[in-house]
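Here are my notes after a look through the model. Please read them with the structure open beside you.

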Amino acid sequence: MKPIELGQEVLSAQGQILSRSAMRIGRRIACALVAVVFLLFAAISFHGFLWAFFISVAGLSYVKASLCVIGVDLFFVLIFAVLAAWSIPDVVEIEARIRRDRKLVELKQSVAITAVTGLLLGPIGRFTGKSFLSILKSFFSHSK
């Protein structure tokens, strides 16, 4: 196959991969939204259960039971706020950063070598090389 046809096939396959991935991610988001709605209903039911527990089992008044439910909510807010603020990168992320930095250095070196090679093999490099070689030939040649 010609390089252009191969490129078209690659781009076609990549487009199909991206469209299928987008559809799969869309379905996952829709299912996650439904799960969040039911989680909200479960949280509301749990609050009602806690309020009833504090009234009947603990023997608290309505206001004190409500304050206990708010206290439990604030306790969970505090726990998850600490967990959210505490973000230590895992081993895979650290290795990926190291690999990225190394490849970036290799890329910079490759670009630098390409630029130097382009200068040496380009028109200016050829002119300078010819001049340098003619100077060397005249230096080593025996003139009488």
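1. Let's start with the aromatics: this is a predicted model, and it holds five aromatic pairs. One of them joins Trp51 and Tyr62, whose rings are stacked, with 5.5 Å centre to centre and 25° between the planes. Trp51 sits in helix α1 and Tyr62 in helix α2, so this pair ties together parts that are eleven residues apart in sequence.

2. Helix α1 runs over residues 3–56, and Gln16 is part of it. With a relative accessibility of 53%, Gln16 counts as exposed. If you draw a line from its C-alpha to that of Trp51, 35 residues apart along the chain, you get 53 Å.

3. Which residues make the nonpolar surface patch of about 790 Å²? They are Phe75, Phe76, Ile79, Phe80, Leu83, Trp86 and Ile88. Ile79 belongs to helix α2, residues 62–85, and counts as partly exposed because its relative accessibility is 32%.

4. Last, have a look at helix α4, residues 123–140. From first C-alpha to last, its 18 residues reach 26 Å, close to the 26 Å expected at 1.5 Å a residue. α4 is hardly covered, with a count of one buried residue among its 18.

Definitions and conventions
Residues numbered from 1 in each chain as written. Predicted model: local features only at pLDDT ≥ 70, side-chain atom pairs only at ≥ 80, totals over all residues. Heavy atoms only, no water. Patch = residues over 30% accessible without salt bridge, like charges linked within 9 Å, V, L, I, M, F, W, Y side chains within 5 Å. Areas by Shrake-Rupley, 256 points an atom, 1.4 Å probe, with all protein chains shown as cover. Salt bridge = Lys/Arg side-chain N within 4 Å of Asp/Glu carboxyl O. Helix = DSSP H or I, 4+ residues; strand = E, 2+ residues; numbered from the N terminus. Buried < 20%, exposed > 50% of the residue type's maximum accessible area, 1.4 Å probe, protein only. Expected span 1.5 Å × (residues − 1). Phe/Tyr/Trp six-rings, centres within 6.5 Å; stacked < 30°, edge-to-face > 60°.
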